[in-house]
Amino acid sequence: MDLDVFVSAHRAEWDRLDVLLRRQRRLNGAEVDELVALYQRTATHLSLIQSSAPDPQLTGRLSQLVARARSAVTGGRRSSWRDAVRFLTHGFPAAVYRSRHWWVPTALLSTLVAALLGWWIGTHPDVQASIAAPDALREMTRPGGQYETYYSSHPAASFAAQVWTNNAQAAAMCLVLGIFLGLPVLWILLLNMLNLGVGIGLMSSAGRLDVFLGLVLPHGLLELTAVFVAAGTGLRLGWTVIDPGPRTRRSALAEEGRAAVGMAIGLALVLFVSGAIEGFVTPSGLPTWARISIGVLAELAFLAYVYVLGGRAARAGETGDVEEHERSATVPTAA
């Protein structure tokens, strides 16, 4: 493409579109039709320039022009409660369901790693000695020790808020940092499984693994599932950088990135529930079986939410991305 010839041939159309967009009065019917036609042609011109003869200055100008025209054509739109309900009943569960082939294996492998670490630590006194001094280990694992009092050491409300904030940050980091080929996500997962493995190993060596699991399982099932979902989605985003499939890498990353942002919001709500369980149920005086039952019910409710609502929405074409009319126009729409 000869860029100078192309600009000379279409500059008048771009200028006319700019004039229509700057007009203060309401456009009449003919002007609206002209605006729509010029918007379509300019979007096509932008796509051709980006693919054939990218020029930063010209691309920037046309991108702004297309964005302004698109806003004028589609009109402003305010979010409503209907959007929030649709996100919670369609967008978020569908996004989690679509990424199940990533987060389910992530969950299984991570759990296996934590179990192996726990076995290794619990059966090797020399490894335990490298973690802390014997007196410190006894203080952590004894009845009424640090592992037991951790969940009741602060007021329930403030503890739940702190736990929710920390976990939401960890999930968001998995989602955001996944773009770096997923490597930071693997590190975050390893740290989480190492912490869990240390607790399993030390408490099992003290003969109190049942107590530890009774404290961890009520909130840990849902909490760890949310972390695994975030990690699996982050790994999927990292793989998209390597293999975008039939889409261009730019459009693939944009689509998966937008879905990941929505996922972060949804997972924050899930982690709010697990944080509430950790703050109010885990340290409560309920019997161990009752506390674990609450955690299992919360986990089953989330899985049903994903596989029933999410599966239905995904089969209907929902991806968790924003609606089509809110996406950037990258495909030519007029000749």
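**Entry 1: the contact of α11 with α13**

I looked up which residues of α11 meet α13, taking contact as heavy atoms within 4.5 Å. In α11 I listed Gly 214, Leu 215, Leu 217, Pro 218, Leu 221, Leu 222 and Thr 225. Their counterparts in α13 are Thr 288, Arg 291, Ile 292, Gly 295, Val 296, Ala 298, Glu 299 and Phe 302. By class, this contact has 9 nonpolar, 4 polar and 2 charged residues. For the classes I counted Ala, Val, Leu, Ile, Met, Phe, Trp, Tyr, Cys and Pro as nonpolar, Asp, Glu, Lys and Arg as charged, and the others, Gly among them, as polar.

The model is a predicted one, in which local features need pLDDT of at least 70 and side-chain atom pairs count only at pLDDT 80 or more, while totals for chains, interfaces and linings use all residues. Residues are numbered from 1 along each chain as its sequence is written, and side-chain values use heavy atoms, with hydrogens and water left out.

I then looked up the geometry of the pair. The axes of α11 and helix α13 (residues 288-315) come within 7 Å and cross at roughly 10 degrees. α11 is therefore roughly parallel to α13. Axes are lines fitted to C-alpha atoms, for helices over the stretch in contact, with angles running from 0 to 180 degrees between N-to-C directions. Angles under 35 degrees count as roughly parallel, over 145 as roughly antiparallel, 65 to 115 as roughly perpendicular and the rest as oblique.

**Entry 2: the chain as a whole**

I recorded 13 helices and 0 strands in the chain. Helices (H or I, at least four residues) and strands (E, at least two) are DSSP runs, numbered from the N terminus. The radius of gyration of the chain is 27 Å, whereas a compact globule of 335 residues would have one near 20 Å. That radius is taken over C-alpha atoms, and the globule rule is 2.2 Å times the number of residues to the power 0.38. Along the principal axes, the C-alpha atoms fill a box of roughly 80 × 40 × 35 Å. I noted that 40% of the 335 residues count as buried; buried means under 20% relative accessible area, exposed over 50%, partly exposed in between (1.4 Å probe, protein chains only).

**Entry 3: salt bridges**

How many salt bridges does a search of the whole structure find? I recorded 10, each being a side-chain nitrogen of Lys or Arg within 4 Å of a carboxyl oxygen of Asp or Glu.

Arg 41 and Glu 13 form one of them, at 2.9 Å, N to O. Arg 41 lies in helix α2 (residues 29-52) and Glu 13 in helix α1 (residues 3-22), so the pair ties together parts 28 residues apart in sequence. Arg 41 is partly exposed at 28%.

Arg 208 forms a salt bridge with Glu 148, with the closest N and O atoms 2.3 Å apart. This pair links distant parts of the chain, 60 residues apart: Arg 208 is in the loop between α10 (183-205) and α11 (209-242), and Glu 148 is in helix α8 (residues 146-149). Arg 208 is buried at 14%, while Glu 148 is partly exposed at 25%. Elsewhere, salt bridges that share partners join Asp 18, Arg 22 and Arg 68 into one network.

Asp 18 counts as buried at 18%, and Arg 22 as exposed at 55%.
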